[in-house]
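Hello,

Here is the structure I promised to pass on.

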Amino acid sequence: QVQLAESGGGLVQPGGSLRLSCAASGRIFSIGVMGWYRQAPGKGRELVAVVKLGGITTYGESVKGRFTISKDNAKNTVNLQMNSLNSGDTAVYYCNADVLSSAYETFRSYWGQGTQVTVSA
């Protein structure tokens, strides 16, 4: 089994910054794609940013130029630096990781429980 522990959410004023962290633990042989999605009230879950094997990153259109994702392969952690936050960034942010638990299994997707980010004056 694999667990994803998220931290760093909270309340921030417009224009401010927050940093989210996600640490994967448990039966981990290799991690493929790892990153963040978000879901605002009344909306579907959307891509924020992910990092793939080899360090290739993909960002959602609305966060490009403001958010930066980074991954520490040795610690199985991914961080999301969020700058120039606005009310449109208010959502529950979920960590996601595609994990291979052994060389004889296939990748399986895991989700964290989510952390609330609220941008408000």
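Below are my notes on a disulfide, the strands around it and an arginine.

Please keep in mind that this is a predicted model, in which local features need pLDDT of at least 70, side-chain atom pairs count only at pLDDT 80 or more, and totals for chains, interfaces and linings use all residues. Residues are numbered from 1 along each chain as its sequence is written, and side-chain values use heavy atoms, with hydrogens and water left out.

Let me start with the disulfide (a pair of cysteine sulfur atoms within 2.5 Å). The count is 1: C22 and C95 are joined, with their sulfur atoms 2.0 Å apart. C22 belongs to strand 3 (residues 18-26) and C95 to strand 9 (residues 91-100), so the bond ties together parts 73 residues apart in sequence. Strands here are DSSP runs of E with at least two residues, numbered from the N terminus. The torsion about the S-S bond is about -85°, so this disulfide is left-handed. C22 is buried (under 20% relative accessible area, with a 1.4 Å probe and protein chains only) at 1%, and C95 is buried at 0%.

C95 is also the bridge partner of W36. Strand 4 (residues 30-39) pairs with strand 9 in the antiparallel sense over 8 bridges; pairing takes at least two DSSP bridges. Strand 4 also runs antiparallel to strand 5 (residues 46-51), joined by 5 bridges, and these two form a hairpin with 6 residues between them. In its turn, G42 has a positive phi of about 75°.

Finally, the charged end of R45 sits over the ring of Y94, 3.8 Å from its centre, and over the ring of W111, at 4.6 Å. For this, CZ of Arg or NZ of Lys must be within 6 Å of the ring centre and within 35 degrees of the ring normal.

Best wishes

Definitions and conventions. Helix = DSSP H or I, 4+ residues; strand = E, 2+ residues; numbered from the N terminus. Buried < 20%, exposed > 50% of the residue type's maximum accessible area, 1.4 Å probe, protein only.
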